[in-house]
Amino acid sequence: MSYTRMLKYWPFLVLNLLFAFGIPVVVKMSHVATLANVLGILFLVNGLFSIYLGLYIKRRGAFKVMLLVWPILFAIAVWFGLEPSLYGYAFAAMYFVIESLAFFVGQQNDLDYEEQIPIDEGYHSLK
């Protein structure tokens, strides 16, 4: 993916970094109870964020590889110790599954863009 194309998705990257590193640091500093952290933040907030990202990537027509960014960044945060590794890696895998489901569900009715006529430079007659 080229650098200029990646800059097009800077809000996506900033949100991923915020949710992967910012929120765990704030939770760790505020000493939130483990149960509230797991159920409230890791499961509910980050799960909804995964759904949002899957729909965002689908709507923007981004590369499917971008589905891996959020779970990998979260796994790196777990590796740095911002979340317990006991269940942190399982949550990273769950985020990938949720994000993929949000991305792929309903695509059987989408138009097949590969077989359409490109009109980037205007309509030209077909030979």
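Which residues does Asn46 touch, not counting residues up to four places away in sequence? The views below start from the whole protein and come to that residue in the third legend.

**View 1. An overview of the five helices.** Welcome to a predicted model, in which local features need pLDDT of at least 70, side-chain atom pairs count only at pLDDT 80 or more, and totals for chains, interfaces and linings use all residues. Residues are numbered from 1 along each chain as its sequence is written, and side-chain values use heavy atoms, with hydrogens and water left out. The protein has five helices and zero strands, and its elements follow the order α-α-α-α-α from the N terminus. Helices (H or I, at least four residues) and strands (E, at least two) are DSSP runs, numbered from the N terminus. Of the 127 residues, 31% are buried; buried means under 20% relative accessible area, exposed over 50%, and partly exposed in between (1.4 Å probe, protein chains only). Among contacts with a separation of 6 or more, 77% join residues 24 or more positions apart, where contact means heavy atoms within 4.5 Å.

**View 2. The largest nonpolar core.** Here you can look into a set of 22 residues, where Phe12, Leu42, Ile57, Trp70, Phe74 and Phe91 have the most contacts inside the core. At least two core residues come from each of α2 (10-30), α3, α4 and α5, with α3 giving the largest share, six residues. A nonpolar core is a set of buried Ala, Val, Leu, Ile, Met, Phe, Trp, Tyr and Cys residues joined through side-chain atoms within 4.5 Å. Beyond four places in sequence, Phe74 is in contact with Ala20, Leu42, Asn46, Glu83, Gly88, Phe91, Ala92 and Tyr95.

**View 3. Asn46 and its contacts.** Now for the opening question: Asn46 touches Phe19, Ile41, Trp70, Phe74 and Tyr95, leaving out residues up to four places away in sequence. Asn46 lies in helix α3 (residues 34-60) and counts as buried because its relative accessibility is 2%. Its side chain meets that of Tyr95 in a polar contact of 3.3 Å. A polar contact is a pair of N or O atoms within 3.5 Å; within protein, one must be able to donate a hydrogen and the other to accept it, and residues adjacent in sequence count only if both atoms are side-chain atoms.

**View 4. Val45 and Tyr52, two partly exposed residues of α3.** Val45 sits in helix α3 and is classed as partly exposed because its relative accessibility is 36%. Apart from neighbours up to four places away in sequence, Val45 touches Phe19 and Gly40. Val45 and Phe19 are 26 residues apart in sequence, and their C-alpha atoms are 9.3 Å apart. Tyr52, also in helix α3, is partly exposed at 38% relative accessibility. Its contacts beyond four places in sequence are Leu15 and Arg59. From Tyr52 to Glu99, 47 residues apart in sequence, the C-alpha to C-alpha distance is 7.8 Å.

**View 5. A nonpolar patch on the surface.** Among its members are Phe63, Trp79, Tyr89 and Val105, and the whole patch has about 1,200 Å² of accessible area. The elements giving two or more residues are α4 (69-79) and α5 (85-104), and α5 provides the largest share, four residues. Patches are made of residues with over 30% relative accessible area and no salt bridge, with like charges joined within 9 Å and nonpolar side chains (Val, Leu, Ile, Met, Phe, Trp, Tyr) within 5 Å. A salt bridge is a side-chain nitrogen of Lys or Arg within 4 Å of a carboxyl oxygen of Asp or Glu. Accessible areas come from the Shrake-Rupley method with a 1.4 Å probe; for residues, only the protein chains shown count as cover. Val105 lies in the segment after α5 and counts as exposed because its relative accessibility is 56%.
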